[in-house]
Each structure stands twice: as C-alpha cells, then as structure tokens.
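This report goes through selected local features of the structure shown below. It treats helix packing first, then a sheet, then individual backbone positions.

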Amino acid sequence: MTILVKPRALFIGLSLLCALAIWLSLALGPVSLPLLDTLHAALRLAGLPIAPDGLEQAELIVGQIRLPRTLLGLAVGGVLALSGVAMQGLFRNPLADPGLVGVSSGAALGAAIAIVGGSAFGGLPESFGPYLLSVCAFLGGLGVTALVYRLGRRNGQTNVATMLLAGIALTALAGSAVGLFTYLADDATLRTLTFWNLGSLNGASYARLWPLLLVSAGVALWLPRRAKALNALLLGESEAGHLGIDVEGLKRELVFCTALGVGAAVAAAGMIGFVGLVVPHLVRLLAGPDHRVLLPASVLAGASLLLFADLVARLALAPAELPIGIVTAFIGAPFFLFLLLRRRA
Amino acid sequence: MRLSTRVAALCVGLLVSHYAAAAELPQRWVSAGGALSEWVSALGGESKLVGVDTTSQHPESLKALPSIGYQRQLSAEGILSLRPQILIGTEEMGPPPVLSQIRNAGVQVELFSAQPDLPTLQGNLQHLGKLLGAEEQAVQAYRRYQEQLEQQKIRVTKAQLTQPSPGVLLLLGHAGGKPLIAGKDTAADWLLRQAGGHNLATHTGFKPFSVESLISLDPEVLVFADRALTGEAARAALFKENPMLSSTHAAKDGRVIELDPTLLVGGLGPRLPDSLKKLSDGFFPGSAGK
C-alpha cells in the first residue's frame, strides 16, 4: 500500500479538520444564533470576562446543549475508531470491527434488559433510575466480551480464530435474547429499543459525560503506546513473539481496551455503526498501515467524522432529529462496498 | 386637551392591562401528544400551536406544522428553535435530560396523564383550559364528553339485554401484512370493552398470532386498524395478505369494522365517543341507530 500523505501533513490536516468540526458543532444547530454571539458565549464559557449583554440564550444553548454534545461526539467517535484499529490489528483483518468480540451485541442485550425489564427492578433507588440503561449496556458489553475471550483461551494461549468464531456464536445468542425481549416489549419500550439501536448524541449532559471522557482518555492514551507491538503483530503471531513482543499480553490489552472503550461509548450514545470499521480504513488508505500513525490519526478522524455526522443528524430534519446511526451507516455502507470491490479488482 | 390626554391615558392603560393579562398565558405552544394536540385544537387553541410531534395526526391541518419528531426522542435545540413558551406532552414524553434542558431554557413544560379514564381527562381538560384561557370551553367539552360516554354505556347495556356480547379480535397492521392482535392491558382492549365487545385474545400487549389460532378463536366481529391504508383499500389488503381470515364468522357475515389506529395512543381524545358508537353499532347490529 502506498503512502499518499506524509504523517506530519496528515496530523496537521486532521487536527484542522477536527477543530473545524468542533467549531461547526458549537456554532450550528436548529436554533440559529449569530456567529459572533456563539463566539462570545464560547469565550465566556472558557472563562474570559466578556459582558453578558443579551448572551443568555446563546450561552445556554452553547454551554448546556451544544458543548456537552460536542464532547460526547468527540469521545465516542475517537474511542470507536481507536477500538476499530485495535480489532483490525488483533485479527490481522481489515474487515474486523469492534462488534466481533461481542461488545456491541452484549451491550445491546444489556440495554434490552434495562429497557424492557427496567420496571421489574422496582427496588432500585430513585437516583439510579436514569443511569440503569447505561450501566446495563456497559456491563453487558464487558460480560459478553469477557466470555468470548475466555472461550478463545486454551492452555494459556489465546487462539484468535477460535475467539472470532466464539464472537460470532455469542453475537447470535445475544441477538436471539434481544429478540425475545423485543417480543416481550410493549409498543413504547419497543420504540425506545429501536431508537437506542440507532444511537444518538441527543440529550447529552455533563453528569453522564464524565465516566465516558475518563475511559476514552485512558484508552486513547494507552493504546498508541502499543503501536510498535501492533506493527510487529502484522507479521504474524510467532514472528511478533520472536521480535520479543509479549503477544498474549498484547491480545489481552487490546480486547480489554476495546471492551472498556466501546462499552462506555455505547452506554453513553447507543449503538453507532460503521465508525470503527470505516475510519481506520480511511486513514490506512491515506497514510499506510503503520500503527504509530494509524492509532492517533484514527482518533482525530473518528471524532471529526462523528461530529460531522451529528451535524447532519441534528440539521437534516430540524426541528426533529435523525438518529446518528442512520447517518454513519449511510456514509459507511457504500464505503464498505467500495472497499470490497477494490479488493476484488 | 386635558380631557383628551386623560382619555388617551385611559385607553393606553386599558390596552396595557389587557395586553398584560393576555401575555401571562403562553402564546406559542408545542405539543408532543396526539390526543393533547386534538384537545388544544378542540378548545380553540390551534392557531397557538407552532410545532407538534409525529403522533399528532388530527385534525388534518396539524400535519402542516413543523414536526418535532417522536415524542420519546425529542431534541432540545430543535424545539427551542421554534421559540415556544410552553411544551405539553404526556408522561411518555422524553428523554428526561432533554426535558430538563428545555426547562432550563425558560420554556414551561407541562406533563399530562395519558391514563384512559374520565377523572384524568377532567383534570387534563381543566389544566389545558386554564393554560389556553378557555376554561369555560373546557368545562363544556368535558360535560359533553361525559354525556356521550354515559349514553354509550346505556346503549351497550340495553343492547346486551337482547343480544350477547360478540367475540371480537382487534388486528393492528401495516398495509394488511402480519397483523398484531390486541390483548389485555392495551388501549385497544379498553375500547373494545367500552363498546360492549368481548376480546377473545387473552395475552397482554400486541402480539402476532399464527393463522391457525386466529381461525380457531373464530371471532364474530373483526376490528382492524391499519397504519398505512384506510377504507376499502385497507380491508382488501387485509384479506389479500391473510386469505384464511375469510373463513371466520366475522368475514362470512361481513362484520369487519375499521378503526383509526391513532385512537389507540395517547389517552382519551375528542374523537373517541364517535368511534365507540361506530364500534358498538357494529357489535350490536339490531340496535344500531337507536
């Protein structure tokens, strides 16, 4: 694969793109605010002493609605793309996505239990109620991934092919359980479940944001440190072992980071497809397969892509809103087909 | 000169006080609930509506208003862009973080119960009337509604003296295909019972049935609600997609009644009494029109 863009140019370009996405995400929305008001409100939020004349509405919309939403988009997009790189590196297959180890289907199962069976957990404290869905989705993702990882292990070795097949089997099993909950659901919970499966950055609030920001920052700082090991793994498992890489430890870290990152992202924003698959590809097309570039560049590209997709989601049908999963899949699916056809040629 | 100044001052004063009284009531409304939007229109507040959700399908003219999407998936900024003073909806409205964002932006958010019973409706109408400045109309609307339901009850009781309650199934479908059967704990079941029918389905919620169990229950009356088609087209589609239905008693006797599916969500709406009458006329053909 040829390198189209030098790493330095790529990082400058992606940083500018990401900055543009952040700015647009703060400046555009169904409520049309004068650009200058948005700027003043943003500066005031950043702590600069600017007179608050007539800025109340702008400050409220930028500070309470658009800023948490932008932060959520950054974190979710970045961590999904990063997990995509981790999975494609682990399975040494460019068609792998974070769903392969069962984290998405596990989260969906957790969410279905929370949405449909939520009222059955009657004894829960009132203050926990709003977080039940997120917690169940996170634990579901983590649980199924742990099971897939366990099934792939034999005699202290993790067999990637077995893990892949175990992932497919457990995804099917979780899918059938979700189907059962769908059957048991009434009209209202059914629609909640459907919308959850399409993802949304709508209604982001700081209280729900912090856990995700912490997890994604942790994953985004940790995974790029393993870039060299991932490069070695591209050669094959035994080759990487001969190069002095602790392959078993690496696999464990990759699976753990993916489960944690995707679990937290899905818990905060619902299912958002195709970012984890498409973004690493895009970056690889531009800058080649070196993980030292691929990992950090995917974070920037994933975050930018999700913010742009969210702009479409919030503006296309305003004052109503599209689920963001529709937008990302709409961009992602044709791109995936394009990749398949290119491989065949 | 002095007199005219006084008159002018008086006029201005009156105008201001009148304006102030009107200004206290919200003038720009967003409604996220089908039955609520209907009541707002029925109480003369349709011109105040600036946005409705996707369940608000009646009266027809509401469809021209900006749509704020599905009532459980509202967008804070989308609604704020309509510059509403008040957002009304049922307890289904959400998600909760969006509602609190809208409240923080200074919009009055009023929740109503979608419970299908008369005391709830009375409370809702009183509340709506106060907010619309149409308290008198609200009281009258409730009184009329109560009378209509009272008459309905008498009609059904009388009919049941001479004819047994028919066994009924309610099929909710989309262009005839794969209908779901209404079971217990649904608004549909409540409607069937109010109209004097006996719901043959004993499960809870809406569930698909196999053709065989449909036939074996052999309903005397079929009620169908189609989300895509209306009238003869919906009836034709139902029998085309489910040919086995033709062997039921209901089909042979031609007792297949259409119901507007929007009646099945959001609590008691203003169109309900008429629909109930239509249903019970179909259930008890001997006493129709009395």
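## Terms and source

Two residues are in contact if their C-beta atoms, placed from the backbone, lie within 7 Å. Helices (H or I, at least four residues) and strands (E, at least two) are DSSP runs, numbered from the N terminus.

The model is predicted: local features need pLDDT of at least 70 and side-chain atom pairs count only at pLDDT 80 or more, while totals for chains, interfaces and linings use all residues. Residues are numbered from 1 along each chain as its sequence is written, and chains are lettered from A and ligands numbered from 1 in the order in which they are written.

## Helix α4 against α11 in chain A

In α4(A), the residues Val103(A), Ser104(A) and Ala107(A) are in contact with Thr258(A), Ala259(A), Val262(A), Gly263(A), Val266(A) and Ala267(A) of α11(A). Helix α4 covers residues 103-117 and helix α11 covers residues 247-269; their axes come within 10 Å and cross at roughly 40°. Axes are lines fitted to C-alpha atoms, for helices over the stretch in contact, and angles run from 0 to 180 degrees between N-to-C directions.

The two helices α4(A) and α11(A) are therefore oblique to each other. In this scheme, angles under 35 degrees count as roughly parallel, over 145 as roughly antiparallel, 65 to 115 as roughly perpendicular and the rest as oblique. The crossing of α4(A) and α11(A) is right-handed, a term for a near helix turned clockwise from the far one by less than a right angle (left-handed if anticlockwise).

## Helix α2 and its surroundings in chain A

Helix α2 (residues 35-45) of chain A packs on helix α3 (residues 56-90) of chain A at an angle of about 70°, and their axes are 8 Å apart. On α2(A), the contact is made by Asp37(A), Thr38(A), Ala41(A), Ala42(A), Arg44(A) and Leu45(A); on α3(A), by Ala58(A), Glu59(A), Val62(A), Gly63(A) and Leu67(A). The pair α2(A) and α3(A) is therefore roughly perpendicular, and the crossing is right-handed.

The buried residues of α2(A) are Thr38(A), His40(A), Ala41(A) and Ala42(A). A residue is buried if 20 or more other C-beta atoms lie within 10 Å of its own, exposed if 12 or fewer, and partly exposed in between, with C-beta atoms placed from the backbone. The cover over these buried residues includes α1 (7-27) and α3 of chain A. After α2(A) comes Gly47(A), with a positive phi near 100°.

## Helix α7 in chain A

Helix α7 (residues 187-198) of chain A has 12 residues and reaches 17 Å from its first C-alpha to its last, close to the 16 Å expected at 1.5 Å a residue. The expected span is 1.5 Å times one less than the number of residues. Thr189(A), Thr192(A), Phe195(A), Trp196(A) and Leu198(A) are the buried residues of α7(A). Just after α7(A), Gly199(A) has a positive phi of about 70°.

## An open sheet in chain B

Chain B has an open sheet of 4 strands in the order β2-β1-β3-β4, with parallel pairing. Strands β2 (49-52) and β4 (108-112) of chain B stand at the edges with a single partner strand each, so one side of each has no neighbour in the sheet. Neighbouring strands of this sheet are turned by 20° against each other on average, direction ignored.

Two strands pair if DSSP finds at least two bridges between them. Strand β1 (residues 29-32) and strand β3 (residues 86-90) of chain B pair in the parallel sense over 4 bridges. The bridge partner of Trp29(B) in β3(B) is Ile86(B).

## Cis peptide bonds and positive phi

The peptide bond between Ala318(A) and Pro319(A) is cis, with omega about 5°; Pro319(A) is in the loop between α13 (291-315) and α14 (324-344) of chain A. In chain B, the bond from Gly94(B) to Pro95(B) is cis, with omega near -5°. Pro95(B) is in the loop between β3 and α4 (96-104) of chain B.

Phe274(A), a residue other than glycine, has a positive phi near 75°. Phe274(A) is in the loop between α11 and α12 (275-287) of chain A and counts as buried, with 22 C-beta neighbours inside 10 Å. Asp218(B), also other than glycine, has a positive phi near 40°. Asp218(B) lies in the loop between α8 (211-217) and β9 (221-226) of chain B and is partly exposed, with 13 other C-beta atoms within 10 Å.
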